[in-house]
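These are my notes from a first look through one model. I wrote down each item as I looked it up.

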Amino acid sequence: MNEKIVPLALRRMFIAHFVVDIAFAIPLIFAPGWFVHFFDFPGTNFLFVRFLGAALVAIGGTSLLVRDASREIYSTLLTLKILFSCSIIFCILLSLPEGLPILALFFLSGFALYAGIWIHYKMKI
């Protein structure tokens, strides 16, 4: 494989990541009460829920904006995505003894999947 080329599948994953991030960010920012109720996270501070939505807008938006960027940019953003996903996984695991809704396992699985995908591509490019 040419060292300068970003795989088309990775470019598509960045666009898909944008869609998923924005799909979660919109209710996190504009309907945090509905979101936390739907996912059974009681007693949540809506300001911090909105912070997470803002982080998803930033990461997902960047994923869309750089879709035609160089290999070096993709490599840097993959590092960011790996750190973000692994940090979320760590936070979920750290919170397990405190008791979490069953849907927290959905988030744990999703972020573990993302971390695996990003690590795979980081090693590839």
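Entry 1. I began with Ser63, which I found in helix H3. The model is a predicted one. Is Ser63 buried or exposed? Its relative accessibility is 1%, so I put Ser63 down as buried, the limit for that being under 20%. I then listed what Ser63 touches, leaving aside neighbours within four places in sequence: Phe14, His17, Phe18 and Lys81.

Entry 2. Next I looked up Asp68, and it sits in the loop between H3 and H4. I noted a relative accessibility of 66% for Asp68, which means that it counts as exposed; the cut-off is over 50%. Which residues are in contact with Asp68, once neighbours within four places in sequence are left aside? I found Arg11 and Tyr74. I also checked a distance from here: 18 Å separates the C-alpha atoms of Asp68 and Thr79, and the two residues are 11 apart along the chain.

Entry 3. I turned to the pair H4 and H5, residues 71-95 and 104-124. Their axes are 9 Å apart, and the helices pack at an angle of about 150°. H4 is therefore roughly antiparallel to H5, since angles over 145 degrees count as such. I recorded the crossing of H4 past H5 as left-handed. In the contact of H4 with H5 I have 18 nonpolar residues, four polar and two charged.

Entry 4. I looked for nonpolar cores. The largest has 16 residues, and Phe84, Phe107 and Phe111 have the most contacts inside it. Which elements give two or more residues to this core? I wrote down helix H1 (8-30), helix H2 (32-38), helix H3 (46-65), H4 and H5. For Phe84 I listed contacts with Leu52, Ala55, Leu56, Ile59 and Phe111, not counting residues up to four places away in sequence. Another core, of 14 residues, lies apart from the largest one, and its members include Leu10, Val66, Leu77 and Ile82. As a general remark, nonpolar side chains in soluble globular proteins tend to be buried together.

Entry 5. I left the whole chain for the end. How many helices and strands does the protein chain have? I counted five helices and zero strands. The C-alpha atoms fill a box of roughly 50 × 30 × 15 Å along the principal axes. The protein chain has 125 residues, and 36% of them count as buried. Of the contacts with a separation of 6 or more, 73% are between residues 24 or more positions apart.

Terms used. Residues are numbered from 1 along each chain as its sequence is written. This is a predicted model: local features need pLDDT of at least 70, side-chain atom pairs count only at pLDDT 80 or more; totals for chains, interfaces and linings use all residues. Side-chain values use heavy atoms; hydrogens and water are left out. Axes are lines fitted to C-alpha atoms, for helices over the stretch in contact, and angles run from 0 to 180 degrees between N-to-C directions. Helices (H or I, at least four residues) and strands (E, at least two) are DSSP runs, numbered from the N terminus. Angles under 35 degrees count as roughly parallel, over 145 as roughly antiparallel, 65 to 115 as roughly perpendicular and the rest as oblique. A crossing is left-handed if the near helix is turned anticlockwise from the far one by less than a right angle, and right-handed if clockwise. Ala, Val, Leu, Ile, Met, Phe, Trp, Tyr, Cys and Pro count as nonpolar, Asp, Glu, Lys and Arg as charged, and the others, Gly among them, as polar. A nonpolar core is a set of buried Ala, Val, Leu, Ile, Met, Phe, Trp, Tyr and Cys residues joined through side-chain atoms within 4.5 Å. Buried means under 20% relative accessible area, exposed over 50%, partly exposed in between (1.4 Å probe, protein chains only). Contact means heavy atoms within 4.5 Å.
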